[in-house]
Structures are given as structure tokens and as C-alpha cells.
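Open the model in your viewer and keep the sequence panel beside it. The stops below say what to select next and what is there.

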Amino acid sequence: MTDLNDQQLTEDGLDMAHQTGRVLLIACGALAREILDLKAANGWTHLDLTCLPANLHLYPDKITAAVRDAVAKHRKDYSDIFVVYADCGTGGQLQSACDALGVEMISGPHCYSFFEGNAHFAEAAEHEITTFYLTDFLVRQFDAFVIRPMGLDRHPELRDMYFAHYEKLVYQAQTDDPALTEKAERCAERLGLTFERRFTGYGDLSTALARL
């Protein structure tokens with residue numbers, strides 16, 4: 001596993017150390033580990049990576065502008081740019097911006113979908129409307145992305161109101177890590193939800209990057 005600081009990925013993202021490839025990936029900081037692991041495993045030296053702060057997901061209205069700025073910053077240095085964000089709550093604005101900029105982006109409504117496989121996730125969605133999802137990154141950063149933004153650290157009594165209509169927590173595991181699985185179980189307990197672990201691996205993220 002690549003040694004990265006999750007707090008840095010959450011708050012600052014990941015700067016590109018230096019240009020070595022011909023395709024730039026502009027990604028969410030929550031995907032940095034997975035992308036770097038895929039690059040290393042497949043020898044994708046033609047791909048460079050820079051990441052925006054993962055906590056933009058707490059303010060999805062800011063994602064499109066941040067991606068647009070990143071494309072403008074790096075466009076002159078790359079023949080191709082690929083945006084590794086799904087729609088992520090932008091209501092189609094990110095796709096429209098990418099179309100206008102002439103850059104591609106990964107397909108799907110969010111990372112839960114492309115990790116599981118967009119086609120499979122869409123088929124199962126109507127049966128899982130009461131499901132709360134976590135990825136490897138979100139298990140590690142559970143307090144930063146769930147507990148504190150919802151105020152549950154200060155008002156734990158709000159849990160039953162926020163999660164009244166949820167029934168289970170599904171941990172979509174990108175890696176086989178017993179410690180993360182144990183932590184994910186504790187997250188489910190903390191939210192009062194039943195627990196299910198699914199090993200998704202990298203799903204459609206892997207196939208999307210493989211064709212670049």
C-alpha cells in the first residue's frame with residue numbers, strides 16, 4: 001500500500017511531484033491510493049496524477065470549479081487529461097464542464113457505483129435505497145466525513161434521526177485489510193446499522209484507466 005497521509009488527502013489533495021507521463025489524471029483525493037496502486041501494479045508510467053482535496057465532497061457545488069481550474073492549470077503540459085470524478089453530487093454540472101473543456105471523465109453517479117461496477121450498481125440500486133456505503137478511504141476517514149460534518153460528535157442523539165430510514169451499512173472493500181473491516185464494523189455499530197462487507201476491488205476505475 002502506498003504510504004499517504006489521509007488527512008492531507010482530505011484537506012489538501014495531492015500535488016504532482018513532476019511530469020513524467022503524457023496523460024494527466026485529475027482525481028479526488030479519496031482515490032489517490034487506489035490510483036497509485038493501479039499505476040504501480042500495471043506499470044502505467046504514462047499516467048501522472050494530481051488530486052484535489054477529498055473534502056470537496058462536503059461541498060459538491062465547489063467540485064466543478066475546482067476541476068475546471070485544475071484543467072486550466074495543467075492543460076499546456078499534457079496532450080490528454082482525464083478527470084477521475086464521477087458526478088459526485090454536481091447535478092450534471094461536472095460532465096457539462098468536462099464536455100466544454102474537451103476532457104473525459106469517469107462514468108457513474110459516484111465512486112460507490114464505479115467501485116461496484118456501474119451496471120451492477122444501477123441494477124441493485126432500487127433494492128438498496130436504505131443502504132449507507134463506505135469505501136476504504138471513508139472507513140479510514142469516518143469521523144472527518146460522517147461523524148463531524150453531521151455533528152454527531154457533539155450531538156450523538158441525532159443519529160437516530162439522520163439514519164432512521166437506513167437499514168444497513170455496506171463496506172465496499174478495495175483491499176483485503178482485516179483492520180479496515182473491523183473498523184467498518186464499528187462504524188456500522190456506531191450508526192446503529194447492520195453490516196455487510198463486499199470486496200469490490202477497483203471495479204470500473206481499473207477498466208477506465210486501462211484504456212487511457
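Helices and strands here are DSSP runs (helices are H or I with at least four residues, strands are E with at least two), numbered from the N terminus. This is a predicted model, in which local features need pLDDT of at least 70, side-chain atom pairs count only at pLDDT 80 or more, and totals for chains, interfaces and linings use all residues. Residues are numbered from 1 along each chain as its sequence is written, and side-chain values use heavy atoms, with hydrogens and water left out.

**Stop 1**

Select C88. It sits in the loop between strand 3 and helix 4 (93-101). Check its backbone: phi is positive, about 55°, although C88 is not a glycine. Most residues other than glycine have a negative phi. Buried or exposed? C88 is buried, with a relative accessible area of 12%.

**Stop 2: helix 4**

Move on to helix 4. Select L94, A97 and C98, which are buried. They span an arc of only 100° around the axis, so they lie on the same side of helix 4. That arc is taken over the directions from the helix axis to the C-beta atoms. Now select D99 and A100. These exposed residues are on the face of helix 4 turned away from its buried side.

What covers the buried residues of helix 4? The cover includes helix 3 (63-74), strand 3 and strand 4 (104-105). Contact here means heavy atoms within 4.5 Å. Then step to G102, which follows helix 4 and has a positive phi, near 75°.

**Stop 3: the cysteines**

Show the cysteine sulfurs. How many disulfides does a search of the whole structure find? The search finds 0. A disulfide would be a pair of cysteine sulfur atoms within 2.5 Å. For C51, the nearest cysteine sulfur is that of C28, 7.4 Å away. C51 is buried at 4% relative accessibility. For C98, the nearest cysteine sulfur belongs to C88, 11 Å away. C98 is buried too, at 1% relative accessibility.

**Stop 4: salt bridges**

Side chains of opposite charge can pair when their charged atoms come close. The rule for a salt bridge is a side-chain nitrogen of Lys or Arg within 4 Å of a carboxyl oxygen of Asp or Glu. The count by this rule is 14 salt bridges.

Select D6 and R33. Their side chains form a salt bridge at 3.2 Å, N to O. D6 is in helix 1 (residues 6-11) and R33 in helix 2, so the pair ties together parts 27 residues apart in sequence. D6 is buried at 12% relative accessibility. R33 is buried as well, with a relative accessible area of 10%.

Next, select R190 and D143. Their closest N and O atoms are 2.9 Å apart, in a salt bridge. R190 is in helix 10 (residues 178-191) and D143 in helix 8 (residues 142-147), 47 residues apart. R190 is partly exposed at 42% relative accessibility. D143 is partly exposed at 33%.

Then take D153 and R154, whose side chains meet in a salt bridge at 3.3 Å, N to O. D153 is partly exposed at 39% relative accessibility, whereas R154 is exposed, with a relative accessible area of 54%.

**Stop 5: E116**

Zoom in on E116, in helix 5. E116 is buried, with a relative accessible area of 15%. Which side chain does the side chain of E116 meet in a polar contact? That of R198, at 2.9 Å. A polar contact is a pair of N or O atoms within 3.5 Å; within protein, one must be able to donate a hydrogen and the other to accept it, and residues adjacent in sequence count only if both atoms are side-chain atoms. Leaving out residues up to four places away in sequence, E116 touches F121, Q172, R198 and T200.

**Stop 6: helix 11**

Finish at helix 11 (residues 203-210). Its buried residues are L205, A208 and L209. They cover an arc of only 90° around the axis, which puts them on the same side of helix 11. Now display what covers them: the cover includes strand 1 (23-28), helix 2 (32-42), strand 2 (47-52), strand 3 (80-84) and helix 5 (111-116).

Methods:
Buried means under 20% relative accessible area, exposed over 50%, partly exposed in between (1.4 Å probe, protein chains only).
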